[in-house]
Amino acid sequence: MAKAEVDALVTKISDKKEGQAALEGLGKIAADKGAPAEPFLVAAFDKILEATGDKSKNVVEAAIATAKAIVEMASPFAVDAMMPAFLTGLGVKAKP
């Protein structure tokens, strides 16, 4: 069930009207469901970090809060899976 929820919300991240709500929903899933939802949230982590480059300040703030919630909830073993998303954000061509 968590996979379907996460996938549905991830597809809405790029939607201008529903992006903020989708990110807030993902943050709520990270806080409420924790470990059972971890694999799906970690898989979506790169899309969540991409949202930090959005033009809307509200979307950026929601993306940052969601990313923090996922990192705080994730097990140390999930860091390997999240590392490519972190490194992409450090790249020269990444949006500031």
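In this predicted model, Glu-18 forms a salt bridge with Lys-12, and the closest N and O atoms of the two side chains are 3.8 Å apart. Glu-18 is partly exposed, with a relative accessible area of 35%, and Lys-12 likewise counts as partly exposed at 35% relative accessibility.

**Overall form**

- From the N terminus on, the elements of the chain run α-α-α-α-α-α, and the C-alpha trace spans about 30 × 30 × 20 Å along its principal axes.
- A compact globule of 96 residues would have a radius of gyration near 12 Å, and the chain, with 12 Å, agrees with that expectation.
- Buried residues make up 36% of the 96 residues in the chain.
- Among the contacts with a separation of 6 or more, 58% are accounted for by residues 24 or more positions apart.

**Nonpolar core**

- In soluble globular proteins, nonpolar side chains tend to be buried together.
- The largest nonpolar core here has 28 residues, and those with the most contacts inside it are Ile-13, Leu-23, Leu-26, Leu-41, Ile-48 and Ile-70.
- At least two residues of this core are supplied by each of helix 1 (2–12), helix 2, helix 3 (38–43), helix 4, helix 5 (57–73) and helix 6, while the largest share, 7 residues, comes from helix 5.
- Leu-26 lies in helix 2 (residues 19–33) and counts as buried at 0% relative accessibility, the cut-off for buried being under 20%.
- Not counting residues up to four places away in sequence, Leu-26 touches Val-6, Leu-9, Val-10, Ile-13, Leu-41, Ile-48 and Thr-66; of these, Thr-66 is 40 residues from Leu-26 in sequence but 6.5 Å away in space, C-alpha to C-alpha.
- Leu-23, with its neighbours within four places in sequence left aside, is in contact with Ile-13, Ile-48, Ala-51, Val-59, Ala-62, Ala-63 and Thr-66.

**Aromatic pair**

- The count of aromatic pairs comes to 1, and this pair is edge-to-face because the rings of Phe-45 and Phe-86 have their planes at 70°, with their centres 5.3 Å apart.
- The pair links distant parts of the chain, with Phe-45 in helix 4 (residues 45–50) and Phe-86 in helix 6 (residues 79–90), 41 residues apart.
- Phe-45 counts as buried at 1% relative accessibility, whereas Phe-86 is partly exposed, with a relative accessible area of 32%.

**Charged residues**

- The count of salt bridges comes to 4, including one in which the side chains of Lys-3 and Asp-7 meet at 2.9 Å, N to O.
- Lys-3 and Asp-7 are 4 residues apart in helix 1, so about one helical turn separates them; Lys-3 is partly exposed, with a relative accessible area of 43%, and Asp-7 is partly exposed as well, at 36%.
- Another salt bridge joins the side chains of Lys-33 and Glu-5 (2.3 Å, N to O), and this pair links distant parts of the chain, with Lys-33 in helix 2 and Glu-5 in helix 1, 28 residues apart.
- Lys-33 counts as partly exposed at 32% relative accessibility, and Glu-5 is partly exposed, with a relative accessible area of 28%.
- Glu-38, which lies in helix 3, is buried yet has no salt bridge, and the nearest side chain of opposite charge, Lys-33, is 14 Å away.
- Leaving aside its neighbours within four places in sequence, Glu-38 is in contact with Met-73, Ala-74, Ser-75 and Ala-78.

How values were computed: Residues are numbered from 1 along each chain as its sequence is written. This is a predicted model: local features need pLDDT of at least 70, side-chain atom pairs count only at pLDDT 80 or more; totals for chains, interfaces and linings use all residues. Side-chain values use heavy atoms; hydrogens and water are left out. Rings of Phe, Tyr and Trp (its six-membered ring) pair if their centres lie within 6.5 Å; planes under 30 degrees apart count as stacked, over 60 as edge-to-face and the rest as tilted. Buried means under 20% relative accessible area, exposed over 50%, partly exposed in between (1.4 Å probe, protein chains only). Contact means heavy atoms within 4.5 Å. A nonpolar core is a set of buried Ala, Val, Leu, Ile, Met, Phe, Trp, Tyr and Cys residues joined through side-chain atoms within 4.5 Å. Lys and Arg count as positive and Asp and Glu as negative; His and the chain ends are not counted. The radius of gyration is taken over C-alpha atoms; the globule rule is 2.2 Å times the number of residues to the power 0.38.
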